[in-house]
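These are my notebook entries on one protein chain. I set down what I looked up, in the order in which I looked.

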Amino acid sequence: MKSTTTKTVYNLIILDRSGSMGSIASEAIAGVNETVGTIRAAGKATGMEQRVSIVTFCGCSTSYFCRNVDVDDVPVMTGKDYRPCCSTPLYDAMGGALTALRESVSQSRDAAVSVTIITDGYENASTNWSGESVKALVSLLKADGWLFAYIGANQDVESVSFSLSIDNAMAFKATAGGTKSMFERERSARRRWMDMVKDGQALECATGYFDDINDDTDLSDR
């Protein structure tokens with residue numbers, strides 16, 4: 001199915017803020033800011049409204065850095081906004097953020113949705129959502145055309161993404177260079193997907209988000 005009427009793109013980034021992310025915090029912050037820049041440029045190039053939500057999570061709290069705002073209103077993330085600590089309640093972060101965004105998207109016509117999850121470890125602290133309940137929700141949203149991408153380090157990324165019904169997965173090394181390279185590759189994939197949204201072919205990228213990425217940079221061991 002194709003549609004050329006997309007007017008609004010909802011971009012949700014769910015970013016791990018657990019303690020182990022501390023060693024790559026500055027690269028994570030830079031990567032998020034550069035991704036927002038990519039989204040902003042895509043909006044100008046395509047004429048589509050770009051809405052952005054960025055959620056960070058650890059065992060202390062799940063927090064919105066920004067929630068469903070126009071990309072031009074997204075502030076620059078700094079070290080004051082992203083301070084890694086404690087555990088990894090991945091399921092709770094995903095379940096809450098997806099439920100909230102689903103409500104917003106349900107009130108919007110001609111919309112496309114991109115969800116990116118970035119984490120450097122396994123789920124270990126959720127109390128409200130289980131893997132099974134998150135998987136069921138993801139499956140429902142995929143049926144509505146939502147794009148999901150799972151990016152992980154220090155884990156079996158393919159297995160985890162499959163367990164959550166997410167078809168697009170990318171592994172990265174939790175080093176400074178590996179994190180920088182990961183964000184570069186993610187932005188390449190995002191630009192490609194935005195072009196497909198503009199051309200009414202976004203669903204064709206539903207299971208090939210990270211395919212054919214034109215990026216030869218390999219900083220993973222630096």
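This is a predicted model: local features need pLDDT of at least 70, side-chain atom pairs count only at pLDDT 80 or more; totals for chains, interfaces and linings use all residues.

**Entry on helix H5.** Helices (H or I, at least four residues) and strands (E, at least two) are DSSP runs numbered from the N terminus. Just after H5, Gly200 has a positive phi of about 75°.

**Entry on the sheet.** I read the strand order as S3-S2-S1-S4-S5-S6, an open sheet of six strands with mixed pairing; two strands pair if DSSP finds at least two bridges between them. S3 (62–70) and S6 stand at the edges with a single partner strand each, so one side of each has no neighbour in the sheet. S2 (residues 49–57) and S3 run antiparallel and are joined by six bridges. Val55 has Tyr64 in S3 as its bridge partner.

**Entry on Asn168.** Is Asn168 buried or exposed? Asn168 lies in strand S6 (residues 168–171). Its relative accessibility is 3%, so Asn168 counts as buried (buried is under 20% relative accessible area, exposed over 50%, partly exposed in between, with a 1.4 Å probe and protein chains only). The side chain of Asn168 reaches the backbone oxygen of Phe148 at 2.9 Å.

**Entry on salt bridges.** I found five salt bridges in the structure (a side-chain nitrogen of Lys or Arg within 4 Å of a carboxyl oxygen of Asp or Glu). One of them joins Asp72 to Arg40, with the closest N and O atoms 3.4 Å apart. Asp72 is in the loop between S3 and H2 and Arg40 is in helix H1 (residues 25–46), so this pair ties together parts 32 residues apart in sequence. Arg40 is partly exposed at 24%. Another salt bridge is formed by Lys142 and Asp167, whose closest N and O atoms are 2.9 Å apart. Lys142 is in helix H3 (residues 131–143) and Asp167 in the loop between helix H4 (157–163) and S6, 25 residues apart.

Definitions and conventions
Residues are numbered from 1 along each chain as its sequence is written. Side-chain values use heavy atoms; hydrogens and water are left out. A polar contact is a pair of N or O atoms within 3.5 Å; within protein, one must be able to donate a hydrogen and the other to accept it, and residues adjacent in sequence count only if both atoms are side-chain atoms.
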